[in-house]
Amino acid sequence: MSELRFHWCSPLESGQKKASGQYDAGSLDFDEILSFVKEAEELGVDSLLMAISYHMPDPLPMLGALSHLTDRIKLLLAYRPGLLSPTLFTQVVNTVSWMSDNRISLNLVAGISPAEQAYYGDFLKHDERYERAGEFLEILHELWSENGPVTFEGKHYRIKDAQLGLRHKGGGRPRIYISGASGVAQATAVEHGDCWLRYADTPAEMAKAAQPVLEQGCEVGLRMQVLARATREEALAQVAEMMREPDEKHRKWIADFVANCDSEAVKNSFRLADTSGDDWLSPYLWTGAVAYRGGPALCIVGSYEEVADYIMEYKASGVSEFIFSGWPSREEMRIFYGNVLPLVRAREARLAALDTTVGAPGQVA
């Protein structure tokens, strides 16, 4: 099996100091963001997710600037169909592919909240948004192909003789991640994407969810948190510190937001948190921050060794990629890439060597 891929979450919200506080919003420190990205590049982060939400800076101008100011790290752009025409969006992505020397990939998200979608003039229901996303992606794929001018007539888009002078660098297309936990999200990922990206569950439950996707040739990735320390006791102490004096006003705001949310991924994360009882779905999967941070806040917690072992359980379940983040994000990134990732790679190397030995001529399989 190939090595797991590890990405990190957006530097656009790198200032979050604890799991139970308010979002930092209302200002933009580009120099700090650039410093974050450059350190991520030095640490060996595969890609940085440039997330999208009304309370954050728009990722497109950030992506353009950062692609020109970095050398190796990939930039994973999260964007919602419906905000830009598919032709213009393809043009933007193609432009960044040249600016970044092909270091852009896409995370297409259909939106999680009718209220937030309405901010942008979008009033489609959940399944209709994925229907639109399918049409959007079909047009994108056509524009990236060698089939010439694109004409498309669908329920949500009408395009006539679309063509672009600047193709994607190398004549290909970016890697595409499709987010969501619903059946229609999964189907969209299988039909139009390379990786189905969702919020976490236990490795056993992920194995059940991943099987039909893997059987259809699509990969599976998880968006979640990680908190690792030298010992389990230190990790648990850090959890307790993060939850000290929580912002209950912010928790109420999140609860109200989720009550009006139509995302199966978000609602499922809250169901898991509600049913965990003691805030633990397993000895290593903590749900306590979900009430303050939403679906991505399911968190692997433990010693460096425990976290590495739990990640390998996910790999055995069929997961091949992770988009991690932490509190504070930059410090946790340093800890993970400096202390946990080497342990994961060592475990992968041992398994690869074992597979080679078992399958070698003259060996008993």
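Analyst: Start with exposure: buried means under 20% relative accessible area, exposed means over 50%, and partly exposed lies in between (1.4 Å probe, protein chains only). The model is predicted, so local features need pLDDT of at least 70, side-chain atom pairs count only at pLDDT 80 or more, and totals for chains, interfaces and linings use all residues. Residues are numbered from 1 along each chain as its sequence is written, and side-chain values use heavy atoms, without hydrogens or water.

A salt bridge is a side-chain nitrogen of Lys or Arg within 4 Å of a carboxyl oxygen of Asp or Glu. By this rule there are 29 salt bridges.

Take Glu32 and Arg330. Their closest N and O atoms are 3.0 Å apart. Glu32 sits in helix α1 (residues 30–43) and Arg330 in helix α13 (residues 329–359), so the bridge ties together parts 298 residues apart in sequence. Helices here are DSSP runs (H or I, at least four residues), and strands are runs of E (at least two), numbered from the N terminus. Glu32 is partly exposed, at 34% relative accessible area. Arg330 is buried, at 13%.

Next, Lys155 meets Glu131 at 3.3 Å, N to O. Lys155 is in the loop between β5 (150–153) and β6 (158–162), while Glu131 is in helix α5 (residues 126–144). They are 24 residues apart. Lys155 is exposed, at 56%. Glu131 is partly exposed, at 36%.

Glu348 and Lys315 form a salt bridge too, at 2.8 Å, N to O. Both residues are buried.

Finally, a network of salt bridges links Arg5, Asp46, Lys74, Arg175, Glu219 and Glu321.
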